[in-house]
Amino acid sequence: MTIYKKSFKPVLGFLGMALMLVLPSIVLAGKPDPIQADKLEHGKKVYFKRCVWCHGVEGGGDGPSADRLFTRPRNFIQGTFKIRWTDSGQLPRDVDLETTIKNGLPGSAMPAWGEVLSDADIKAVVQFVKSLVQDRDFM
């Protein structure tokens, strides 16, 4: 009986550690936020002043500067975003996109806009970027 108890302890330890690693991602993963229509016009103005040069008019990552950038700009039409706390394949939450815009993406051509744009500008441009996604819906 004592042999059984000793061999069972490592299994319990492993299961406990696995649960500790998986549980936070389940709890923290959220659902994408719906588009806030009242911020779209403001966001469009910010996008066409600051973002269009790399991401393009329709958000396809094909702006006039895109060919000269080492990492191609994100194609918003596809709705594929790397930096997010939502489940794989889901669209990001607003806070995920806001963080990316504020801090940029180190090692890529995406600059940090946190000291250039106001919080209101960033929140508005996030709504406009979400409206460019064609393959999936923010619900």
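Core and aromatic pairs

Visitor: Tyr-47, buried or exposed?
Guide: Tyr-47 is buried, at a relative accessible area of 0% (buried is under 20%, exposed over 50%, partly exposed in between; 1.4 Å probe, protein chains only). This is a predicted model, where local features need pLDDT of at least 70 and side-chain atom pairs 80 or more, while totals for chains, interfaces and linings use all residues. Residues count from 1 along each chain as its sequence is written, and side-chain values use heavy atoms, without hydrogens or water.

Visitor: Which ring does Tyr-47 form a tilted pair with?
Guide: Phe-128, at 5.2 Å centre to centre and 55° between the planes (centres within 6.5 Å; stacked under 30 degrees, edge-to-face over 60, the rest tilted). Tyr-47 sits in helix α2 and Phe-128 in helix α4, so the pair links parts 81 residues apart in sequence (helices are DSSP runs of H or I, at least four residues, numbered from the N terminus). Phe-128 is also buried, at 10% relative accessibility.

Visitor: How are Phe-76 and Phe-81 arranged?
Guide: Their rings are stacked, 6.0 Å centre to centre with 20° between the planes. Both residues are buried.

Visitor: How many aromatic pairs by this rule?
Guide: The count is 4. Tyr-47, Phe-48 and Phe-128 make up one aromatic cluster.

Visitor: Now the largest nonpolar core. Which residues touch the most other members?
Guide: Among them are Tyr-47, Phe-76 and Leu-117, in a core of 18 residues (buried Ala, Val, Leu, Ile, Met, Phe, Trp, Tyr and Cys joined through side-chain atoms within 4.5 Å). Helix α4 (119-132) gives the largest share, 6 residues.

Definitions and conventions:
Helix = DSSP H or I, 4+ residues; strand = E, 2+ residues; numbered from the N terminus.
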